[in-house]
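Thanks for coming, everyone. Please have the structure open on your screens. I'll go through it piece by piece.

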Amino acid sequence: MMNFLTKIACSSNLFKLNNLSPYSSALVKSIVTTNVYYCEAHENQEAEKEQIKEKIDPSIDRTKIIPVETSIRYLKSAAYKETYGDQAVWIPYRRNHKGLIPPRKTRKTCIRKGKIATGSPCPICRDEYLVLHHENTDLLKQFISPQTGQVLSFSKTGLCQKKHLQLLLAVERAKDHGRIVYDVPQRDYSEYYEQYANKSS
Amino acid sequence: MEKYLKRITTLARYSTRSNFLSYEKDPAPHFFNTEIQKLLSSITTLDVQKIFRKRTVNDNHVSYKFLTDKQLEDEVRNRFKDAEKALQMPPVLKVMNDQPKTISNDVALTSFSKHSYVFTDVTFGLKNRDRSIVVREPNGELKEASYDIKKRAWQIYFPLNDRSFREPKIFEEENFKRLLEEGQYQFLLDRACLQYEPDEQKYHDITSRIYLHIDEHLKFESLRSTRHFGPMAFFFAWHKMIDNLLLDMIRNDYLKNAVELICLFYKLNNHNEKVENILTICAKSDNLESRIQNIINDLLKKNQIVKQIDKTDEELRNDEEYLEFIQSYIDKYCLKKPQLELTLNTYREWHNELKNIQLKYTVG
């Protein structure tokens, strides 16, 4: 695979030398012979890079995207029960910060370039099987206040800003799709009663 | 030739956009009639526990007050008034006829712009219905805005908090079906009330579909003592399908409501039946005042521990009158005769047993 790529890279350079753009190759079916000499050292470097890429610690690796259905099953599983019990996912988490008063906002994100880039990641980032999605109502309801019906602030839950925004979006979508039921404010019809009651009387 | 005509008529029937259960005549003058309003509000019942159930509130402050006995009584009565306000029924109106008129045709403005302009009258204090909203089309025509544009303009300048500009996904087929099966009728109806005006076609489609689903699955209890029960009863009485609701009422010992529902049915369909006598009995047996007094006495700890007898003698006598009335309905107009007869007979047996128990208490 890598050999093929290096060959193409070399041939594109040749196109530049001949003042031909790579895209004009469709019109001009030129027969360009390339003598590609790539040294073994160069080839080894490519292989090393591959190996280095494979060496991410699995506990930090967040490149793999877990589907929602798996997350929904996880929330009902024994593993989840053992980890979190009956509490909400954010309750055992505690932010680490200097001094008595925590910074106003939580960190921007815990995950950078597919890896967890911080110590003490937020409650959602630390567990890759917790996926914020509008169908994953069991998870979303843990972040909605039972008294107010509003989404809890990041200062309470400890979520990073990116995940908090994803949570807000997921909750908004879930309410729009009707997956989360809430108390709808009462619509007032007094103008209709005034209009029609007068007519009938 | 006849076959051809039949085909045309069937095509005409299925070509209408509306649900097959729609209001052919204007239901508004019937709905807002004071007598029918009284019947509907009585049918809805007043379960204070359900109306004032725990809800999510933005402001969760708690206040404590010191009250005299009289003030406490006033507070309780005010709560009951609030409960009645909470049961304000969404009106049942006919589907509107949206035909915007042209005001003028200024051909000179044809090449002014590619886009149409919407002008909204934003003066404070007007009702949305009285606001003039006009559209200048690219061809120079100035006309009244169609209902879609009007609604959008209202929502831009005078927004209703939880109304959205585009169709909420909750009313799309998949989500709607799922919520119906879960039995979230009150939620769906509340959201329909917020999103649509009562004279829109979409509102009628949604509400009638919900009512039919409730009727099919006999889940009337979910809407009892909510603001939607009245319009639902009105819908069933208008379309002559009160039998399932009657079954539910008799089973749950709401005989007075059953009688009122039958009277509503007679009134809406112009059946000449003697309704005044039974309705005077219903009005007399209204026990709201005694309930309020009970609650006040409970709070003031004035209630003595009394043996709870299910029904008083007067109530039992009234029940007998109601049973007669219901029987006459079953004989004449009922569609689900065997089922209703069965439930009525089981009720009669229970009623007789109660009477015997009462006699034993009075004698002993």
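Predicted model: local features only at pLDDT ≥ 70, side-chain atom pairs only at ≥ 80, totals over all residues.

Chain A holds 8 helices and 2 strands. Read from the N terminus, the order is α-α-α-α-β-β-α-α-α-α. Now the contacts. Take those in chain A between residues at least 6 apart in sequence. Of these, 65% join residues at least 24 apart.

On to chain B. Chain B is divided into two parts. Domain 1 covers 2–55 + 63–93 + 169–187 + 197–363, and domain 2 covers 102–145. The C-alpha centres of domain 1 and domain 2 of chain B are 45 Å apart.

Next, the sheet in chain B. In which order do its 4 strands lie? The order is 1-4-3-2, the sheet is open, and the pairing is antiparallel. Strand 1 (102–105) and strand 2 (117–120) of chain B stand at the edges. Each has a single partner strand, so one side of each has no neighbour in the sheet. On average, neighbouring strands of this sheet are turned by 15° against each other, direction ignored.

Look at one pairing inside that sheet. Strand 3 (residues 133–136) and strand 4 (residues 141–144) of chain B run antiparallel, joined by 3 bridges. For B:Arg136, the bridge partner in strand 4 of chain B is B:Leu142. Helix 6 (residues 147–157) of chain B lies across strand 2 and strand 3 of chain B. Its angle to strand 3 of chain B is about 115°.

Now the charges. Side chains of opposite charge can pair when their charged atoms come close. How many salt bridges does a search of the whole structure find? Over all chains, it finds 26. I'll pick out a few.

Start with B:Glu35 and B:Lys267. Their closest N and O atoms are 2.6 Å apart. This pair links distant parts of the chain, 232 residues apart. B:Glu35 sits in helix 3 (residues 34–44) of chain B, and B:Lys267 in helix 12 (residues 255–268) of chain B. Both ends are partly exposed. B:Glu35 has 48% relative accessibility, and B:Lys267 has a relative accessible area of 25%.

Next pair: B:Asp74 and B:Lys70, a salt bridge at 3.4 Å, N to O. Both are in helix 5 (residues 69–86) of chain B. They are 4 residues apart, so about one helical turn separates them. Buried or exposed? B:Lys70 is exposed, at 53%, while B:Asp74 is partly exposed, at 32%.

B:Lys332 is exposed, with a relative accessible area of 52%.

Last item: a network. Which residues do salt bridges with shared partners join into one network? From chain A, A:Arg187 and A:Glu191 take part. From chain B come B:Arg129, B:Arg163, B:Glu197 and B:Asp199.

That's my tour. Over to you.

Definitions and conventions. Residues numbered from 1 in each chain as written. Chains lettered and ligands numbered in written order. Heavy atoms only, no water. Pairing = 2+ DSSP bridges. Axes fitted to C-alpha atoms, helices over the stretch in contact; angles between N-to-C directions. Contact = heavy atoms within 4.5 Å. Domains from an automatic or database assignment. Salt bridge = Lys/Arg side-chain N within 4 Å of Asp/Glu carboxyl O. Buried < 20%, exposed > 50% of the residue type's maximum accessible area, 1.4 Å probe, protein only.
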